Amino acid sequence: MKRKFGDRANWRRITRRHFACRYVETREFSGYITLYTIYGLKEPLWKSYGRHTYRIADKGYSWLQYFPKDSHYIVTAMFDERQNIVQWYIDTCKVQGVTDQGVPWFDDLYLDVVVLWNGEVFLLDEDELEEALEREDITDSDYNLAWSTANTILRSIDAHAFPYFSLSLKHRAELFHHGEFRRK
């Protein structure tokens, strides 16, 4: 199982970045919210889903990430240089926490859900989850948690009840353009 950090400090592709993090406790969300803004990079990052390829990291792009309190998933809303949503990437995770330096982290459970800007939904990395179980990198309980979490997320998306689509658009405008995350 791989531990992933919100500040992506070891991401070699990125040459200049800004990272901001806040703990938020409101009626609509409790947990950490981070903003990772890319100012310089060696080369853009492209991902293919279905028949299309999308740029998900480039100069001026920003990733708004949610670490919901007591949840087994992390949501990353990826915005282009004009603050248009590119995709939401939802990682399933075993556990999450915060470093002594205040950087949120999570232990990735391989299975992911991607929702593109146009509403297309993809379940990813089932093969990685199976391989991790076979290698005994995860337990049967971890495997079941990943599937249970992904299925709950997919049902919530299908029911138009997954709050992070509208929440991320609201937070991107309110918290980051006009609020406490704004660079000084």
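This is a predicted model: local features need pLDDT of at least 70, side-chain atom pairs count only at pLDDT 80 or more; totals for chains, interfaces and linings use all residues.
Which residue in the turn between strand 7 and strand 8 has a positive phi? Residues are numbered from 1 along each chain as its sequence is written, and side-chain values use heavy atoms, leaving out hydrogens and water.

Please select strand 7 (residues 73-79) and strand 8, which pair in the antiparallel sense over 7 bridges. Strands are DSSP runs of E with at least two residues, numbered from the N terminus, and two of them pair if DSSP finds at least two bridges between them. Across this pairing, Thr76 stands opposite Tyr89 of strand 8. The two strands form a hairpin with 5 residues between them, and Gln83 in the turn is the residue with a positive phi, about 65°.

Next, select residues 85-98, the whole of strand 8, where 10 of the 14 residues are buried (under 20% relative accessible area, with a 1.4 Å probe and protein chains only).

Continue to strand 9 (residues 104-116), which pairs with strand 8 in the antiparallel sense over 9 bridges. Here Ile90 stands opposite Val113 of strand 9. Strand 8 and strand 9 also form a hairpin with 5 residues between them, and Gly102 in its turn has a positive phi of about 85°.

Finally, select Glu134 in helix 1 (residues 126-134); helices are DSSP runs of H or I with at least four residues. Glu134 counts as exposed because its relative accessibility is 66%, and exposed means over 50%.
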